[in-house]
Amino acid sequence: MRESGVAFGTSGARGLVRAMTDRVCYAYTTAFLAYLVGDGCLRPGERVALAGDLRPSTPRILTACSAAVRNFGCEPLFCGFVPTPTLAFYAMGEGIPAIMVTGSHIPDDRNGIKFYRAEGEILKDDEQGIIGQRVPEPELNASGALLDATPLPQPHDIVAPYLARYRDYFGVDALKGMRIGVYQHSAVGRDILADILVAAGAEIVMLGRSERFVPVDTEAVRPEDVVLAMQWVSEHGLDAIASTDGDSDRPLLADEHGTWLRGDVLAMLCAKALGMQTVITPISSNGVAERSGFFDRVERTRIGSPFVIRAMQDALAKGEPRVCGFEANGGFLLGSDVERGSTRLAALPTRDAVLPIMAVLANAQSGSVSALVAGLPKRFTHSDRLKNFAPDRRDRLMDWLLADPDRDARLDDVFSGIAEGALCEVDLTDGVRMIFDNDRVIHLRGSGNAPELRCYSEAETPDCAKGLGKNALAIVAKQF
């Protein structure tokens, strides 16, 4: 693992496809299973569910993971090419571990593996336990491919229960009268999302299906997708456009004007619609959650679903009711069961794209998506990034940002001009988050999933937030 450059990031192990060799993927999978056995959570002969996304390298990596499960003495259960939350929902219901091969939203020259215990996502403590395992070498041919590379079997169908989850809770008329575009691109859940919308009564229009992988990032929507959304709503008379990222655990929703909603705004509207009382969200999410007054308590964490899940677990252990989490990318984690009349929506404490899409669209049925957004406090965030920002550049930047003495004075001198306000607080929860006396925010952080520098900016208007992030990244690019 150390030699390969494939490491645990914000969510799962990620790396370049050329580095995710059969040997590396076999080692990660074997180490995961060995860790579960040592923790008393897995016994020989038990099933392990596997699935993947639609990027070209996924079938080969799945084959290596499946061989590792089989050689470990467990039964690999191939569940097909389905969304991450679909696999998680099935595996948690069956009480078995799961492995999802996906690089999420990142380009297809990279891929990744997400690991699930029977009760849900692995957390940071689990990652350390996995890394610490010693595993046997697999048998490889001269080109480095596994000798025991049995082709993947016909998949076990796990989609029906996931579909029923939303049909049963929202009902068959939840979206009646609405005309929804489904931006399919290369998302693994593109057809499942369409089926769920139709089951809720919507009329749908399929848009932008691609057989080539498209790296749609719900935190940094591509300029071409901004233009396409506006064209599509005009051309097709749409009430909204729904989509997801590559493994369909992060939502993307545009209103009737073709304006894409920020993921954290979408997720917060979902939490409100579901009547959640405790909200857990990373430090990078929009500050409107606290300003809205919708929730009894809002807690901020480091960035990444493992940190959100840990905080949700702590809240539930204290007896707090109606607990949920969400990330800036819109992925929604339901910590508590939610009841509406005689129907119950079971907890699903992993990122899910369908729930925020469905909850917000159902809430907008008698009005519009834009009206729901307009009812929020006027607080806007923007995400931007510097691509190909290598780890050594990131480390040099962070050393400079954090260096003492006179850290705050130095940051104020460099960034207060573009913020048009004096620096009044520095939050080091995750990266460097600078808060200015005019309530504007610049937050710089190295990505945990790709060689990128992320900038989250927050201000009183969308244009101001966007300009703030653009100018901050320009300063970083020039100096580093």
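Buried means under 20% relative accessible area, exposed means over 50%, and partly exposed lies in between (1.4 Å probe, protein chains only). This is a predicted model, in which local features need pLDDT of at least 70, side-chain atom pairs count only at pLDDT 80 or more, and totals for chains, interfaces and linings use all residues. Residues are numbered from 1 along each chain as its sequence is written, and side-chain values use heavy atoms, with hydrogens and water left out.

**Stop 1: Arg179 and Glu203**

Select Arg179. Arg179 is partly exposed, at 24% relative accessible area. (A salt bridge is a side-chain nitrogen of Lys or Arg within 4 Å of a carboxyl oxygen of Asp or Glu.) Arg179 sits in strand E8 (residues 179-183) and Glu203 in strand E9 (residues 203-207), so the pair ties together parts 24 residues apart in sequence. Helices (H or I, at least four residues) and strands (E, at least two) are DSSP runs, numbered from the N terminus.

**Stop 2: Lys114 and its partners**

The structure holds 42 salt bridges. Go to Lys114 next. Its salt bridge with Asp247 has the closest N and O atoms 2.9 Å apart. Lys114 lies in strand E6 (residues 110-117) and Asp247 in the loop between strand E10 (240-244) and strand E11 (251-254), so the pair joins parts 133 residues apart in sequence. Check burial here: Lys114 is buried at 4% relative accessibility, and Asp247 is buried at 0%.

Asp249 is buried, as is Lys114.

Now widen the selection to Glu327 and Arg351. Lys114, Asp247, Asp249, Glu327 and Arg351 are linked in a network of salt bridges.

**Stop 3: helices H3 and H5**

Show H3 (residues 84-94) and H5 (residues 159-170). Their axes come within 9 Å and cross at roughly 95°. Axes are lines fitted to C-alpha atoms, for helices over the stretch in contact, and angles run from 0 to 180 degrees between N-to-C directions. H3 and H5 are therefore roughly perpendicular, a term for angles of 65 to 115 degrees.

Finish with the side chains. Pro85, Thr86 and Phe89 in H3 meet Val159, Pro161, Tyr162 and Arg165 in H5. Contact means heavy atoms within 4.5 Å.

Technical notes:
Angles under 35 degrees count as roughly parallel, over 145 as roughly antiparallel, 65 to 115 as roughly perpendicular and the rest as oblique.
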